[in-house]
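Let's take a friendly tour of a protein chain and the small molecule that goes with it. Have the picture open as you read.

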Amino acid sequence: MLQTAWQWWKHAAAYEGHLRATRRLLGVLWEYTRDSTPERARLRFGDADYDWDHRVNTTSGAVAWRDRLLGMFHSAYQPTEPAAFHEMLDALRQNTNLDFRDFTFLDLGSGKGRTLLMASDYPFRRIVGVELLPALHQIAQENLRLYKSEAQKCFELEAICGDATDFPFPGALNEEPLVLFLFNPFGESGMRRVCANLEQSLRARPRAVYVLYHNPLLEHVLSESGALRKLAGTQQYSVFCAGD
Ligand SMILES: C[S@@+](CC[C@H](N)C(=O)[O-])C[C@H]1O[C@@H](n2cnc3c(N)ncnc32)[C@H](O)[C@@H]1O
C-alpha cells in the first residue's frame, strides 16, 4: 500500500511538483475517509440489483478497504449500470452496421467483470477484460465461472490481470476487430498511453475498432487522436470509430 502511494506521489510530483502532488495525496486520503462513513458504504450497495438478479458479486459495496484505498490511487471501482450499458450497445448498433459476431469486446479496467457478463448477452466473437487490482480480478474470474443467463450468447470470456496502459494489444487482440470499452479507468496520462497503443496497433493491422467511452470525462484525449472519429454520444457516453 505504502509503495503504491509512494509511486503515485513520485509520478504526480514529476508532472506537477512536490507541493501540488502532496496536496493531491492528502485530497485522496480525505476522500477515502469521507467515503468510509456508514452512510456512504450503504450508498455503494445501491448498485447491487444486478448481483441479486444474476447471483454474482459485482457491487462496489463489497470491496475490501485495502482495495478501495488502492483504487483511489488509480480509479475507484464502480460497475456500469445495466441500463447504461445496453443503451451504449444500442447506440453502437444504430450508428454502424457492425455484426457483433465479427468483434471482440475488450474492457480495459474491467473491475469485477460486470461488463464482461453483460456483453456476453450479445453474440460477440469473444470477450476479454483487463483489471489492475488482483483482488478484483479474482472476483471477476469467479463471476465468469458463476454467471448463468438464458440470454447468454457468447461463452468465450477471459479475465486478465495487469496494467492496461502497458497493454499493447498483444496476440489476437492486435488483429481482431474490437469494441473497446472504457469507463474512466485511467487519468489523462494513462488515457494517452492507451491511445498511443491503439494507434500503433491500428497502424500494424488496420481494422474496424469502435470505442465505447462511458462517462467521457477525458473525451478530448480520444478526439485529439488522428486515428479516431466520434460517431455519436450523450453526456453519459461517446462512441468513436477508427477509420472512415
Ligand atoms: C470505474 S471502474 C470500471 C469497471 C468496469 N469497467 C465497469 O464498467 O463495470 C475502473 C476500473 O479500472 C481499474 N483500473 C485502474 N487503473 C487501471 C490500469 N492501469 N489497468 C487496468 N485496470 C485499471 C480500476 O481498478 C477499476 O476496477
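Here is a short briefing on the chain as a whole and then on its ligand. Keep in mind that this is a predicted model. The chain contains 10 helices and 7 strands, and its ligand sits in the largest pocket.

**The chain as a whole**

- If you trace the chain from end to end, you can look for 10 helices and 7 strands.
- The radius of gyration is 18 Å, close to the 18 Å that the globule rule gives for 244 residues, so the chain is as compact as a globular protein of that length.

**Who surrounds the ligand**

- Around the ligand there are 24 residues, and T80, D107, G109, E131 and D163 come nearest.

- Start at T80, where a polar side-chain atom lies 2.6 Å from an oxygen atom of the ligand.
- Next, go to D163: an N or O atom in its side chain is 2.8 Å from a nitrogen atom of the ligand.
- At P185 the backbone takes part, with an N or O atom 3.2 Å from a nitrogen atom of the ligand.

**How covered the ligand is**

- On its own, the ligand would expose 610 Å².
- The protein buries 97% of that area.

Conventions
Residues are numbered from 1 along each chain as its sequence is written. This is a predicted model: local features need pLDDT of at least 70, side-chain atom pairs count only at pLDDT 80 or more; totals for chains, interfaces and linings use all residues. Side-chain values use heavy atoms; hydrogens and water are left out. A residue is near a molecule or strand if one of its heavy atoms lies within 4 Å of it. A polar contact is a pair of N or O atoms within 3.5 Å; within protein, one must be able to donate a hydrogen and the other to accept it, and residues adjacent in sequence count only if both atoms are side-chain atoms. Accessible areas come from the Shrake-Rupley method with a 1.4 Å probe; for residues, only the protein chains shown count as cover. On a 1 Å grid over the protein atoms alone, a cavity is a set of points where a 1.4 Å probe fits but cannot get out, and a pocket is an open set with protein on both sides within 12 Å along at least five of seven lines; lining residues have an atom within 4 Å of a point. A molecule sits in a cavity or pocket if more than half of its atoms lie within 2 Å of its grid points. Helices (H or I, at least four residues) and strands (E, at least two) are DSSP runs, numbered from the N terminus. The radius of gyration is taken over C-alpha atoms; the globule rule is 2.2 Å times the number of residues to the power 0.38.
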